[in-house]
Amino acid sequence: MADNQNKPISYSRTVITELMLPTHPNIDGKMLGDVLLNLMNKAAFTCATRHANNFCVTVSVDDVEFTQPIEVGDFVSFKASVNYVGNSSMIIGVRIEAESLKTGVIKHTGSGYFTMVAKDEYGRPTQAPGVVLENEDDIRRFLAAMIRKEAKLLSKVQMSDKIKKINVFEDIKKLKKERCEIGFEW
């Protein structure tokens, strides 16, 4: 497939499956979030790189949520798909599913969105191919990613404005309702 042509979502869809070993858990015997994030990023990188036919880098990670614990011995699948393509950036959705070896039950345990940027051989951003939306779910995910991208940009601007307007002398009274204390003479 030529690099500059639009590519079907199915072309780069990626599934990475790992057995969760006893070296991965926290003290409660559940998988550590950093292990899961690393594997999510690996799946997103593979998916984006396949789509772009170029090396890709992670520029942001959004809305990561772990909804259920993952046990030692579970097979865990990280399902990555291109949800949106801009110029050089792509939003990759990653879904985590854990399969219990004991029961065979498969459960959705988390998800997140990775913004990846395609790079050329000199390390500069390069155009990624567009996508061919193959079904209603692809269209829904693309539209949702557009909304998520717009909301993220708006949120950044609003947050930046609010942070710039902090007046420590006036806003300090807001701390009375929080679980903190001033540890120096004020």
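Biologist: Which residues form the nonpolar patch on the surface?

Modeller: Met159, Ile163, Ile166, Val168, Phe169, Leu175, Ile182, Phe184 and Trp186 form it. Together they have about 980 Å² of accessible area. That area comes from the Shrake-Rupley method with a 1.4 Å probe, and for residues only the protein chains shown count as cover. This is a predicted model: local features need pLDDT of at least 70, side-chain atom pairs count only at pLDDT 80 or more, and totals for chains, interfaces and linings use all residues. Residues are numbered from 1 along each chain as its sequence is written, and side-chain values use heavy atoms, with hydrogens and water left out.

Biologist: Which elements give two or more residues to the nonpolar patch?

Modeller: α3 and α4 (168-171) do. Helices (H or I, at least four residues) and strands (E, at least two) are DSSP runs, numbered from the N terminus.

Biologist: Why does Val168 count as partly exposed?

Modeller: Val168 is found in helix α4. Its relative accessibility is 44%. Buried means under 20% relative accessible area, exposed means over 50%, and partly exposed is in between (1.4 Å probe, protein chains only). At 44%, Val168 therefore counts as partly exposed. Patch members need over 30% relative accessible area and no salt bridge; like charges are joined within 9 Å, nonpolar side chains (Val, Leu, Ile, Met, Phe, Trp, Tyr) within 5 Å. Val168, at 44%, therefore passes the area cut-off.

Biologist: What makes β4 mostly covered?

Modeller: Strand β4 spans residues 75-85, and nine of its 11 residues are buried.

Biologist: How do you know that β2 and β4 pair?

Modeller: Two strands pair if DSSP finds at least two bridges between them. Strand β2 (residues 14-19) and β4 have six, in the antiparallel sense, so they pair. Val15 stands opposite Lys79 in β4.

Biologist: How many bridges join β4 to β5?

Modeller: There are 10, and the two strands run antiparallel. Strand β5 covers residues 89-99. Ala80 stands opposite Val94 in β5. With three residues between them, β4 and β5 form a hairpin.

Biologist: How many aromatic pairs does the count come to?

Modeller: Two. Rings of Phe, Tyr and Trp (its six-membered ring) pair if their centres lie within 6.5 Å; planes under 30 degrees apart count as stacked, over 60 as edge-to-face and the rest as tilted.

Biologist: Why is the pair of Phe45 and Phe55 called edge-to-face?

Modeller: The ring centres of Phe45 and Phe55 are 5.7 Å apart, so the two rings pair. Their planes stand at 65 degrees, so the pair is edge-to-face. Phe45 lies in helix α2 (residues 33-52) and Phe55 in the loop between α2 and β3 (56-66), so the pair ties together parts that are 10 residues apart in sequence. Phe45 is partly exposed, with a relative accessible area of 29%.

Biologist: What makes the aromatic pair of Tyr84 and Phe142 tilted?

Modeller: The angle between the planes is 40 degrees, so the pair belongs with the rest, as tilted. Centre to centre, Tyr84 and Phe142 are 4.9 Å apart. Tyr84 lies in strand β4 and Phe142 in helix α3 (residues 136-164), so this pair ties together parts that are 58 residues apart in sequence. Both Tyr84 and Phe142 are buried.

Biologist: How do you know that Asp63 and Arg148 meet in a salt bridge?

Modeller: A salt bridge is a side-chain nitrogen of Lys or Arg within 4 Å of a carboxyl oxygen of Asp or Glu. For Asp63 and Arg148 the N to O value is 3.3 Å, so the pair qualifies. Asp63 lies in strand β3 and Arg148 in helix α3, so parts 85 residues apart in sequence are tied together.

Biologist: What lies over the face of Tyr113?

Modeller: Arg148 does, at 3.7 Å from the ring centre. The rule asks for NZ of Lys or CZ of Arg within 6 Å of the ring centre and within 35 degrees of the ring normal. Arg148 is partly exposed, at 25% relative accessibility.

Biologist: How many salt bridges does a search of the whole structure find?

Modeller: It finds 11. One of them joins Glu97 to Arg95, with the closest N and O atoms 2.7 Å apart. Glu97 is buried, with a relative accessible area of 15%, while Arg95 is partly exposed at 36%. Arg124 and Asp120 form a salt bridge too, at 3.4 Å between the closest N and O atoms. Arg13, Asp138 and Arg141 are linked in a network of salt bridges.
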